[in-house]
Amino acid sequence: MTVRAAVAGASGYAGGEVLRLLLAHPEVEIGALTANSNAGQRLGALQPHLFPLADRVLATTTPEVLAGHDVVFLALPHGQSAAVAEQLGPDVLVVDMGADFRLADAGDWQKFYGSEHAGTWPYGLPELPGARAALTGSKRIAVPGCYPTAVSLALFPAYAAGLAENEAVIVAASGTSGAGKAPKPHLLGSEVMGSMSPYGVGGGHRHTPEMIQNLSAVAGERVSVSFTPTLAPMPRGILATCSAKARDGVTAETVRAAYEKALADEPFVHLLPEGQWPSTGAVHGSNAVQIQVAHDEAAGRIIVISALDNLTKGTAGGAVQSMNIALGLDEITGLSTIGVAP
Ligand SMILES: NC(=O)C1=CN([C@@H]2O[C@H](COP(=O)(O)OP(=O)(O)OC[C@H]3O[C@@H](n4cnc5c(N)ncnc54)[C@H](OP(=O)(O)O)[C@@H]3O)[C@@H](O)[C@H]2O)C=CC1
Ligand SMILES: CC(=O)N[C@@H](CCC(=O)OP(=O)(O)O)C(=O)O
C-alpha cells in the first residue's frame with residue numbers, strides 16, 4: 001500500500017514532527033506541505049532537521065492544494081481545522097492534531113475554547129477501552145492533547161479496574177515545544193532557562209475537560225480532575241504525576257496487578273519494573289510512554305507517574321499510530337520506541 005499524505009501546518013512543531021515520522025514510514029509518500037505566514041518558504045529554512053524535504057516549498061493552506069491525498073494531517077491552531085476539514089470530502093482520512101474535534105460536550109468546548117463547537121470525531125488514543133474499534137476504518141481522527149495523553153494513559157488502568165475513587169489530582173511538567181513555535185514573551189530563553197513555573201492553575205487549563213471526559217468514560221461515572229500544568233526548561237517532554245484516592249481494600253499488589261494486566265500487550269505504553277521511575281529523557285523522540293505506579297498506603301492514594309515526548313506520542317506519534325489503525329496497517333508501522341540519550 002502507498003498512502004499519499006499531506007501536512008497542513010508543516011512549518012510548526014507538530015507539523016514538523018509528523019513529517020519526521022512520515023519520512024520513516026514505509027507505506028507513506030509525502031505530498032503537499034502547507035503553511036500560513038511562511039507559505040513560499042523552503043521547508044529547509046524552517047525545519048532544517050528534515051533534510052530529505054529541505055527543497056520543498058510550502059504552499060498556502062487551501063482545499064485545492066490539499067486535494068488528491070489519501071490522508072491529510074492538520075497541524076493548525078485551534079479553531080482552524082473545521083473549515084479546512086469540511087472541504088476535504090468524506091473519502092479522505094483527516095487527522096486533526098488540534099483540539100477542534102476532541103470534546104463531546106459543546107458546553108465544555110464553549111467554556112474552554114470560547115468558539116462554536118465544530119463536532120466530535122473518533123478519539124486517537126488507541127490504548128483507551130474501545131478506541132481501536134472506533135478508529136478502525138474511520139475517515140476522521142481527533143488526536144488528543146499532549147497532557148490528556150500522558151494523564152489518561154497513567155490513570156485509565158486504575159479506573160478500568162475500579163481501584164480509584166472518582167477524583168484525581170495531577171501536576172505535570174511540559175517542555176516548551178508544547179506551546180508551539182509562535183513567539184510568546186513567557187517562552188523567551190531568558191524566562192524559561194533555569195526556571196520552572198506553573199500556569200493555568202485552578203481548573204482553567206483547556207485540557208482539564210478532556211481528561212475528565214476520558215477518565216469518566218472508563219470509570220463509568222464522572223471523575224473530577226484537578227490539573228496543574230508547569231513549564232519546564234526543556235524543549236520536549238511531559239512528566240505527569242497523577243494521584244487518585246484508593247478505594248477500600250486496595251493494596252500495592254492489587255494496583256500493580258491491574259497495571260500489569262492493562263498494559264501487558266501495549267506496544268508503546270511500558271510499565272517499568274518496580275523501583276525504576278519514568279523520565280522524559282528516556283522517551284525523547286520516541287513513541288514510548290513510561291509508567292510507574294505506587295500505592296501510598298498512609299495517604300490512601302494511588303500514585304501514577306507517566307513520561308512521554310509531547311511532540312511524539314503526545315501529538316504526531318499518536319497521530320501516525322491512529323492513522324495506521326484507521327488504514328488497517330500494523331499499528332506500530334513507522335513508529336519507534338527507541339529514544340535519544342543523553
Ligand atoms: N506542540 C505540541 O506539543 C502539541 C500541539 N498540538 C496541536 O497541534 C497544532 C499545531 O501546534 P504547533 O505545531 O505546536 O503550533 P505552531 O505554532 O508551531 O505551528 C502552527 C502551524 O499552523 C500554521 N498556521 C497558523 N495560523 C494559520 C492559519 N490561520 N491558517 C492556516 N495555517 C496556520 C502555521 O503556519 P506559519 O508558520 O506559516 O504561520 C504553522 O505551520 C495546534 O492545534 C496544537 O494545539 C497538539 C498536541 C501537542
Ligand atoms: C507547554 C504548553 O504551553 N503546552 C500547551 C499544550 C499543548 C498541547 O497539547 O496541546 P493542544 O493541542 O491542546 O494545544 C498548553 O499548555 O497550552
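Biologist: Which residue in E10 stands opposite alanine 172?

Modeller: Start with the terms. Helices (H or I, at least four residues) and strands (E, at least two) are DSSP runs, numbered from the N terminus. Two strands pair if DSSP finds at least two bridges between them. Here, alanine 172 faces alanine 240 in E10. E7 and strand E10 (residues 238-246) are joined by eight bridges in the antiparallel sense. Keep in mind that this is a predicted model: local features need pLDDT of at least 70, side-chain atom pairs count only at pLDDT 80 or more, and totals for chains, interfaces and linings use all residues. Residues are numbered from 1 along each chain as its sequence is written, while chains are lettered from A and ligands numbered from 1 in the order in which they are written.

Biologist: In what sense do E7 and E9 pair?

Modeller: Parallel, over eight bridges. Serine 174 has leucine 231 in E9 as its bridge partner.

Biologist: In what order do the seven strands of the open sheet lie?

Modeller: Read across the sheet: E8-E9-E7-E10-E13-E12-E11, with mixed pairing. Strand E8 (197-198) and strand E11 (269-271) are the edges, each pairing on one side only. Helix H9 (residues 208-219) packs on this sheet and touches strand E7 (164-174) and strand E9 (224-231). The direction of H9 makes about 140 degrees with that of E9. Axes are lines fitted to C-alpha atoms, for helices over the stretch in contact, and angles run from 0 to 180 degrees between N-to-C directions. Helix H10 (residues 252-263) lies across E11, E12 and E13, at about 160 degrees to E12.

Biologist: How many bridges join strand E12 to strand E13?

Modeller: Seven, between residues 289-296 of E12 and residues 301-308 of E13, and the two strands run antiparallel. Aspartate 296 stands opposite arginine 301 in E13.

Biologist: What is the pairing in the open sheet of six strands?

Modeller: Parallel, in the order E3-E2-E1-E4-E5-E6. E2 and E3 share two bridges. There, alanine 35 stands opposite threonine 60 in E3. H11 packs on the sheet, touching E1, E4, strand E5 (93-96) and E6, and its direction is about 155 degrees from that of E5. H1 lies across E1, E2 and E4, at about 160 degrees to E1.

Biologist: How many residues of helix H1 are buried?

Modeller: Count neighbours. A residue is buried if 20 or more other C-beta atoms lie within 10 Å of its own, exposed if 12 or fewer, and partly exposed in between; C-beta atoms are placed from the backbone. In H1 (residues 13-23), nine of the 11 residues are buried, so the helix is largely enclosed by the rest of the structure. Among them are Tyr13, Glu17 and Leu22. The buried residues of H1 pack against strand E1 (3-8), strand E2 (28-35), strand E4 (71-74) and H11.

Biologist: Is methionine 196 buried or exposed?

Modeller: Exposed, with 11 other C-beta atoms within 10 Å. Methionine 196 sits in the loop between helix H8 (189-192) and E8. Contact means C-beta atoms, placed from the backbone, within 7 Å. Leaving aside residues up to four places away in sequence, methionine 196 touches Ala173, Thr230, Leu231, Ala232 and Pro233. Serine 190, in helix H8, is also exposed, with 7 other C-beta atoms within 10 Å.

Biologist: At what angle do helix H7 and helix H11 pack?

Modeller: About 95 degrees, with the axes of H7 (residues 146-160) and H11 (residues 312-327) 8 Å apart. That makes H7 roughly perpendicular to H11 (under 35 degrees is roughly parallel, over 145 roughly antiparallel, 65 to 115 roughly perpendicular, the rest oblique). Cys146, Thr149 and Ala150 of H7 meet Lys313, Gly314, Thr315 and Gly318 of H11.

Biologist: Which peptide bond is cis?

Modeller: The bond from alanine 341 to proline 342, with omega near 0 degrees. Proline 342 lies in the segment after H11.

Biologist: How many helices and strands are in the chain?

Modeller: 11 helices and 13 strands. Buried residues are 49% of the 342 residues. The C-alpha atoms fill a box of roughly 60 × 45 × 40 Å along the principal axes.

Methods
Contact = placed C-beta atoms within 7 Å.
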